[in-house]
Amino acid sequence: MSTSTVITNIATLVTNDPSLGDGSPLGQIEDAAVVIDGDRVAWAGAASSAPAADHRVDAAGRAVIPGFVDSHSHLVFAGDRTREFNARMSGRPYSAGGIRTTVAATRAAADAELEANLTRYLAEALRQGTTTFETKSGYGLTVEDESRALRIAARHTDEVTFLGAHIVPPDHADDPAGYVALVTGEMLDACAPHARWIDVFCEKGAFDGDQARAILTAGRAKGLHPRVHANQLGYGPGVQLAVELDAASADHCTHLTDADVDALAAGNTVATLLPGAEFSTRAEWPDARRLLDAGATVALSTDCNPGSSFTSSVPFCIALAVRDMGMTPDEALWSATAGGAAALRREDIGRLTPGARADLALLDAPSHVHLAYRPGVPLVAEVWRRGVRQG
């Protein structure tokens with residue numbers, strides 16, 4: 001039988017349910033409590049009205065927020081690209097192979113090494129409050145290496161994405177059409193049983209609109225739902241294609257036309273913004289304010305990967321979004337929790353309401369605003385995942 005726990009003496013509880021709290025999107029409750037029964041939230045409200053429970057935990061005046069939902073990461077890889085980053089930050093030219101460098105290291109790595117790296121970064125993210133994560137393949141780019149990446153990832157999360165269409169690998173450089181045929185044929189057949197999603201890097205130098213459409217359509221026919229790396233490096237067809245195909249998320253969204261913004265606002269596709277990538281490449285920041293004011297749903301994620309955003313810290317991305325992307329602290333937190341859940345088309349995470357999964361973080365602060373107010377400070381004091389306090 002499950003046992004219940006009441007966490008009380010919470011300075012501010014963020015539920016992401018306006019009907020439970022102050023009427024804002026965050027549904028904040030001051031002087032609050034939350035009751036966990038098994039792996040679910042059973043009750044949330046004022047501490048003075050909390051029902052009895054088997055166990056009691058004193059939050060000691062901390063804020064409690066939903067666990068972060070990191071809806072875009074690339075965690076199955078080997079090696080790193082320190083020299084590339086150092087050269088970029090030092091203003092020196094660097095001719096190494098970018099993604100291709102990681103592909104070579106990943107292909108050469110044993111399964112045990114890839115899994116050890118994955119679990120290391122997942123533990124790192126969990127300590128910082130991330131309780132749900134999506135992760136992708138994309139550094140194997142062969143039938144065998146893509147399918148093994150997905151098998152490894154699927155042992156640790158339900159949110160697994162097939163990204164065979166990351167780049168055209170060097171061994172197919174002279175035959176991109178042949179690589180698209182491989183991705184939509186034999187590779188997809190091998191990978192689909194291990195994934196929920198299919199993704200494509202729709203960008204100049206990767207896959208054009210027609211190729212991306214063929215790949216996503218083939219994946220959808222195999223039961224995988226689309227996601228799209230869209231409009232990161234320049235204007236292109238990625239966002240429009242994502243909305244047309246009802247992709248759960250269009251990710252990056254740095255270079256948007258008015259028509260792109262309107263399409264995101266009118267459709268069901270979430271605009272997932274990845275400020276770690278702009279930080280690590282000194283690129284132009286996405287304009288979150290423009291998207292929010294148009295009525296688009298926005299998610300924030302880390303894009304954790306060894307090349308362009310080697311951070312697993314959602315709090316860091318929240319601080320960047322508030323400082324450089326025009327978001328308020330409330331909007332940034334919502335986007336990193338409920339927004340990430342929307343990008344994964346999940347209703348059981350990203351909120352602390354009765355029936356939701358009991359994923360939450362206690363902050364060494366009285367309010368979530370401190371995540372942006374005190375950037376770089378490890379404010380996550382305690383994490384509960386599926387109703388279990390993490391060690």
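In what follows, Ala, Val, Leu, Ile, Met, Phe, Trp, Tyr, Cys and Pro count as nonpolar, Asp, Glu, Lys and Arg as charged, and the others, Gly among them, as polar. The model is predicted, with local features needing pLDDT of at least 70 and side-chain atom pairs pLDDT 80 or more, while totals for chains, interfaces and linings use all residues. Residues are numbered from 1 along each chain as its sequence is written, and side-chain values use heavy atoms, without hydrogens or water.

One cavity of 30 Å³ or more was found, a cavity being a set of points on a 1 Å grid over the protein atoms alone where a 1.4 Å probe fits but cannot get out. The largest cavity holds about 50 Å³, a volume being the space filled by probe spheres set on the points, which are joined across faces, edges and corners. Its lining residues (an atom within 4 Å of a point) include Asp70, Phe133 and Cys304. The lining comprises five nonpolar, three polar and one charged residue.

Next comes helix H4, residues 143-154; helices are DSSP runs of H or I with at least four residues, and strands are runs of E with at least two, numbered from the N terminus.

Strands S2 (residues 28-37) and S3 (residues 40-46) run antiparallel, joined by six bridges. Ala33 has Gly45 of S3 as its bridge partner. Two residues separate the strands in this hairpin, and Gly38 in the turn has a positive phi of about 65 degrees.

Technical notes
On a 1 Å grid over the protein atoms alone, a cavity is a set of points where a 1.4 Å probe fits but cannot get out, and a pocket is an open set with protein on both sides within 12 Å along at least five of seven lines; lining residues have an atom within 4 Å of a point. The expected span of a helix is 1.5 Å times one less than its number of residues. Two strands pair if DSSP finds at least two bridges between them.
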